[in-house]
2 protein chains.
Amino acid sequence: MFDILLSDFDNSEHPLYLQIYKQFRDQILNGIIPSNTKLPSIRALQLQLNISKTPIETAYQMLSAEGFAYSKPRSGYYSVNMDEFNPFKKKKESNLLLNSFQYSDLSVEKKFSIDFNPAAVDKDMFPIRTWKRMLNNVLEDFSQSIGQYGDMLGEASLRKALADYLRNSRGVLCSPKQIVIGTGISYSISLLTKLVEGTNYIAFEEPGFEPVREQFLLNGYKLIPITVNRESFQFKLLEKSKAQMIYVTPSHQFPTGRVMPYAERKYLLNWADKQNAYIIEDDYDGEFRYLGQPIPSLQSIDQQGRVIYIGTFSKAFTPALRMNYMILPIEFMSKLQKMKHSLSCPSRIDQWAMQAFIEQGHWYRHIRRMRNKYKRKHHKLIECIQTVFEKKVEITGHNAGLHIQIIVKTKLNAKDLLKLAADKGVRVYDFHQMWMKPNESGYPQIYLGFAGISESEMEKGILLLKEAWGSILYE
Amino acid sequence: MFDILLSDFDNSEHPLYLQIYKQFRDQILNGIIPSNTKLPSIRALQLQLNISKTPIETAYQMLSAEGFAYSKPRSGYYSVNMDEFNPFKKKKESNLLLNSFQYSDLSVEKKFSIDFNPAAVDKDMFPIRTWKRMLNNVLEDFSQSIGQYGDMLGEASLRKALADYLRNSRGVLCSPKQIVIGTGISYSISLLTKLVEGTNYIAFEEPGFEPVREQFLLNGYKLIPITVNRESFQFKLLEKSKAQMIYVTPSHQFPTGRVMPYAERKYLLNWADKQNAYIIEDDYDGEFRYLGQPIPSLQSIDQQGRVIYIGTFSKAFTPALRMNYMILPIEFMSKLQKMKHSLSCPSRIDQWAMQAFIEQGHWYRHIRRMRNKYKRKHHKLIECIQTVFEKKVEITGHNAGLHIQIIVKTKLNAKDLLKLAADKGVRVYDFHQMWMKPNESGYPQIYLGFAGISESEMEKGILLLKEAWGSILYE
DNA sequence: GGGTATTTGTCCGTATGTATG
DNA sequence: TCATACATACGGACAAATACC
């Protein structure tokens, strides 16, 4: 009955046990061997095939482990029931897809010779040497802990180092307990929506940071747009609304660049206090102010624990690391502890390295270097634009941050301007996606990030922009 | 009126502009300077203080940027209204909290001298030297990209390397496009719930992996428990249910260790096909089978694109890296592309390093080394238990994976057993949290992970367990 | 129906060519 | 280069299940 095994046998290079395994598996799958049929005993097969028992034994064990057969000890191996199956066809599309795979990033980035990307940072400033040293050291020093999952809220030692840094340098008072290390703003927001109960309305800056807005939508929130422009923040809209939470970027509103005045900060805190609402303070580029000290953050003024503060390493260090942190009011801690197992946070190795980086004072020094560098770039960019465009564009929102907003005096719209710039190989941004309801009135607003490009590129870029737009500008 | 400025001035080391800024700010905040009052002109102050214009100008700009004052061009600077405020008090609790902060992980772990933690992996096997080399190399080679956010679905090059590896070694056919790199199973599940529309019922193994269950609950899903025991998987429950999705761990069911037979796999796929349902295949320790080849994964048998495959680097490499991946059916890709900006994924640096690690063949070799090491440990543990306990405990679910289940023949319950073991300094696990409805009938089931401890610790641990439990065991 | 011989799965020590470090 | 480890294959020992008398 099982003579079939003697066919295409032995002349291949495949190990015996695999050949045996496969032949039985296929025959069971194809119904050639009916269900619950006793397979030849190991020794019977041994004689028939004239080999040792071991390959047969191994094959049978595999069949059994994988559910094609079962063993009755001291009785025999039996096939299992799998009549209707007809498996092991290969999928069609896969190979096609493999070939058509696009290396999406590269192909897009290549098209522009100069990219005023507001999300990029200065690659030459990244402290490769120091960071390498940190990584190498922690891999040695923490090798005992590398086999285990760490605290899902973030390594205790990093949270401690961060709390110290925030207290000393940013005036933010918090316990390491309140800090949650995360993998990015989206992660933090997503986590937040799980922590806050019964809040379904979120007030959101208009325009505002779209990825965060999307995250709230994805988590079932309804948005209440609060208009932000150069002069004001529409509190009226907030008061009238059902919002129990608001997302703001006070230190440098994204994208307009507006700095929220102290009075408005106090107002917001009062509102949150009265309504028992929460304020999410996204201090994404709070490290970068070019005029004196940073403004006191909402978190540091807050007395009532209504502020959730979010900071990041993406701007001051590198976005490649994807590490950020969130400071939560104490009342969240117990709930957070309960759900800590369903969190995910960055590599422990990176966290240890960052801890060492901060503790050894590198972080503090790095920030100072970055601030100076960006201050120069910032100044240079504004100077460039003013020299080249004179009064034909207006620069706004430039007290801080890593990008500026310009208002271009033309009758064209932002999209047209982008296209003209792209034709010259320059990428600038209109951030239309930051608006819930795009507002086309007035002159178009264009955004330029200056962190990611060099001063010479910047100069070239602005000159190219002048070429691109020169003829369509008003005086 | 503003002579106050002349007080405590000049004898400090603080920069002039900050001293000026602070004095005005405080006076405005405290109401000493009423609202809408004209501040001294820049030149007037210059004369009064006998310094240059610059510090005063800077201070005024800061005050203006931060909303303490506003400028009327060609008229002067004016204070703003902020009567009622009394800020800059420090919060009370913070310092207390700082001191009481517990280094939670360490304090817990210290209590046990031997920990059969199923989540740990062998720390000595981590290829420190090679990984260092990878990190150092990519920090040099990719330094041009370090200033930018990468693809939020994961670096294209890593996804390519992974697809190649999966095809060659695991029989999993997929395009790099379908792969999403993530920061852990919770992240992947959370992402998944956002991708799948209209699915509110999820069938879940009972017992099953609790963190994932929690993640579904957090995302608003209702659970349908599907009982799993040594013999069977209760498909009847599945058929009757409204489930449109099911989460399974076929290669080594968590926690029972059961390997899902081929027939059941086909059944599941048929069910999913008929119901248009999705199967989430969590192949968390699929690399570790100790008998021949791995069983074909659901993903590789599936013809209809109903399987979502999730794999991880946490078991075979290190949980400290927190990197995993998910293979999605093609139909999800367009939706995924749309929400890619609200994702978060692991450090690009780690992704590049992992790509190099795979491409240079280290990954393949590493897996083999790990498999062998764990095979030996696995064998050793089972041998130990059998020698020490003879027939008093029964070992089940041990064809694969990094932990085993034992059934202890006693009238005590699992909790008691854990406590007795803990008294001897040994940590074992009852995984009660893996059950939705704890089932106390029958002998208690205890789980031992063997990946994280050495063979000698293992031996000691089992002997200590014998001491702890010896007197309460049945024959 | 009970004893005995045989069959059978299981476990183990060993040999050999090859790959790894 | 060489020692080692590993995958694969071999055959013996054992004890439980089965068949036979």
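Domain 2 of chain A and domain 3 of chain A bury about 2,800 Å² between them, 60% of it on carbon and sulfur atoms. Buried area is the accessible area (1.4 Å probe) that two parts lose on being put together, summed over both. This is a predicted model: local features need pLDDT of at least 70, side-chain atom pairs count only at pLDDT 80 or more, and totals for chains, interfaces and linings use all residues. Residues are numbered from 1 along each chain as written, chains are lettered from A and ligands numbered from 1 in written order, and side-chain values use heavy atoms, without hydrogens and water.

Between these two domains of chain A there are zero salt bridges (a side-chain nitrogen of Lys or Arg within 4 Å of a carboxyl oxygen of Asp or Glu). Polar contacts join 14 residue pairs across the interface, both residues at pLDDT 80 or more. Such a contact is a pair of N or O atoms within 3.5 Å; within protein, one must be able to donate a hydrogen and the other to accept it, and residues adjacent in sequence count only if both atoms are side-chain atoms.

Now DNA strand C. 16 residues surround it, and the closest are Ile42(A), Arg43(A), Lys53(A), Tyr77(A) and Arg365(B) (near means a heavy atom within 4 Å). A polar side-chain atom of Tyr77(A) lies 2.4 Å from a phosphate oxygen of DNA strand C. Ile42(A) uses a polar backbone atom, 3.0 Å from a phosphate oxygen. Lys53(A) instead meets a base oxygen, 2.5 Å from a side-chain N or O atom.
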